[in-house]
Amino acid sequence: MSAKPTQVSERPMCRAFAAIMLLVPVILGPATAMAGGSGRTGTAGGLELLIPTDARGAAMAGSVIAACGGSDSWFWNPAGAALVEGAEISASHRTYIADITLENVSLAYNTGGLGVLGLSVKALSMDDEPVYTTTQPEGTGEFFSTSFVVVGVGYARAVTDQVDFGINGNYIAENIYNESAHGVALDMGFLYRPSINGLTVGVVMKNFGPRMKFDGPDFAQEDDSDTDNSERRTQSASFELPAFFQMGASWEPPMRGAHRLRVTGAFQSNNFSEDEFRFGSEWGVSDQLFLRAGYSASSQEQYMHGMSAGGGLRLPLGDIVTSLDYSWAEAGVFESNHFFTVKVQF
């Protein structure tokens with residue numbers, strides 16, 4: 001008797017999600033078509049929001065919008081975190097372009113009836129740079145530091161046995177020398193498992209938030225034309241965040257034995273560059289050994305992404321499961337990127 005009401009109540013939710021899947025591209029499509037394209041390339045800020053945070057997704061070229069299911073989901077699609085059963089924590093290290101390194105820690109905890117809560121911290125670091133001025137073009141002997149930090153708080157839950165929902169809010173802090181900028185960004189995503197074996201569909205809207213602006217003491221300068229030596233203050237221009245919309249799909253064809261194959265794809269509609277197409281695959285044996293590959297393509301000139309590959313080990317030990325993942329990715333004129341992630345489930 002209890003199965004019937006559940007089945008009836010889930011069908012409207014699934015139909016509602018299907019309507020969302022159809023309406024979101026219709027609503028956002030004209031806006032992104034007008035706002036996007038190469039004409040706006042380089043005009044967005046907060047670009048650290050675009051940098052992936054785990055080796056598995058990077059190895060599959062970021063095509064995992066419908067194929068994420070752990071603490072890494074807070075970056076790719078917050079809805080995927082609804083699949084976490086207990087608790088999961090992951091830590092990543094990446095050698096990025098121009099001697100920049102990325103560190104990321106993500107946590108997801110299933111509270112039971114309330115859903116899954118999450119926390120993530122992403123930090124970019126680079127070497128200190130010398131200070132040059134117009135009066136001392138050879139350098140003052142001083143050095144300045146820069147830091148880019150994103151702190152995220154997420155929530156996800158299963159709406160029905162076929163639909164998952166997730167949301168993630170990010171606080172952004174950028175500091176360059178004595179100047180800083182702060183902002184907030186919102187991500188929202190869905191996962192849908194239709195009645196087709198092995199198929200999952202996902203949609204996500206990322207980095208939607210107000211404009212950011214740098215400010216600090218160096219924007220104040222003495223006005224020599226004034227007899228009272230008063231200060232005049234300049235202002236930096238505000239900038240938008242790199243918002244975009246993604247649709248993705250994941251399919252696992254039936255396979256015999258211990259082998260498992262997953263094929264993924266995603267379309268990304270950008271506000272500040274040409275659209276992107278991402279493809280990936282993951283082959284697993286006994287749910288312990290994984291090989292991955294991916295490819296990202298765009299019509300954008302001097303596009304820095306392309307081929308990617310990697311692998312992973314999943315090591316169960318009682319109630320604790322440890323995963324070790326690695327990925328390599330092309331980076332255009334820069335040296336190739338290397339990514340390492342350690343994940344613990346308990």
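**View 1. Strand β9 and its two partners.** L186 stands opposite F208 in β9. This is a predicted model: local features need pLDDT of at least 70, side-chain atom pairs count only at pLDDT 80 or more, and totals for chains, interfaces and linings use all residues. Residues are numbered from 1 along each chain as its sequence is written, and side-chain values use heavy atoms, with hydrogens and water left out. Strand β8 (residues 179–192) and β9 pair in the antiparallel sense over six bridges. Two strands pair if DSSP finds at least two bridges between them. Helices (H or I, at least four residues) and strands (E, at least two) are DSSP runs, numbered from the N terminus. The hairpin of β8 and β9 has six residues between the strands, and G198 takes a positive phi near 85° there. β9 also pairs with strand β12 (residues 244–251), in the antiparallel sense over eight bridges. In that pairing, G202 stands opposite G248 in β12. Strand β9 (residues 199–208) has eight of its 10 residues buried, so it is largely enclosed by the rest of the structure. Buried means under 20% relative accessible area, exposed over 50%, partly exposed in between (1.4 Å probe, protein chains only).

**View 2. Strands β3, β6 and β7.** β3 and β6 pair in the antiparallel sense over nine bridges. V116 stands opposite A156 in β6. β6 and β7 are antiparallel too, with 13 bridges. The bridge partner of S147 is N175, in β7. Four residues form the hairpin link from β6 to β7.

**View 3. A87 and its contacts.** A87 lies in strand β1 (residues 87–95). With 10% relative accessibility, A87 counts as buried. Which residues does A87 touch, not counting those up to four places away in sequence? They are A108, Y109, V344, Q345 and F346. Contact means heavy atoms within 4.5 Å. A87 and V344 are 257 residues apart in sequence, yet their C-alpha atoms are 8.4 Å apart in space.

**View 4. The largest pocket.** The volume of the largest pocket is about 1100 Å³. The search uses a 1 Å grid over the protein atoms alone: a cavity is a set of points where a 1.4 Å probe fits but cannot get out, and a pocket is an open set with protein on both sides within 12 Å along at least five of seven lines. Lining residues have an atom within 4 Å of a point. Grid points are joined across faces, edges and corners, and a volume is the space filled by probe spheres set on the points. The lining has 49 residues, with L47, L50, Y96, M304 and H305 nearest the centre. α3 (73–76), β12, β13 (259–270), β14 (276–285) and β16 (307–317) each supply at least two lining residues. The lining divides into 26 nonpolar, 16 polar and seven charged residues. Ala, Val, Leu, Ile, Met, Phe, Trp, Tyr, Cys and Pro count as nonpolar, Asp, Glu, Lys and Arg as charged, and the others, Gly among them, as polar.

**View 5. The second largest pocket.** The second largest pocket has a volume of about 870 Å³. It is lined by 34 residues, and G69, G70, R260, R314 and Q345 are the closest to its centre. Elements that each supply at least two lining residues include β1, β13 and β18 (337–345). β17 gives the most to this lining, with three residues. By class, the lining has 11 nonpolar, eight polar and 15 charged residues.

**View 6. The cavity.** A search of the whole structure finds one cavity of 30 Å³ or more. The largest cavity has a volume of about 140 Å³. Of its 17 lining residues, F75, S120, K122, V150 and N170 are the closest to the centre. Elements that give two or more residues to the lining include α3, β6 and β9. The lining holds six nonpolar, eight polar and three charged residues.

**View 7. The nonpolar cores.** The largest nonpolar core has 11 residues, among them I51, Y96, L124, F148 and F339. A nonpolar core is a set of buried Ala, Val, Leu, Ile, Met, Phe, Trp, Tyr and Cys residues joined through side-chain atoms within 4.5 Å. Leaving aside neighbours within four places in sequence, F148 is in contact with residues including E48, K122, L124 and I176. A second, separate core of 10 residues includes V150, A185, M212 and L241.
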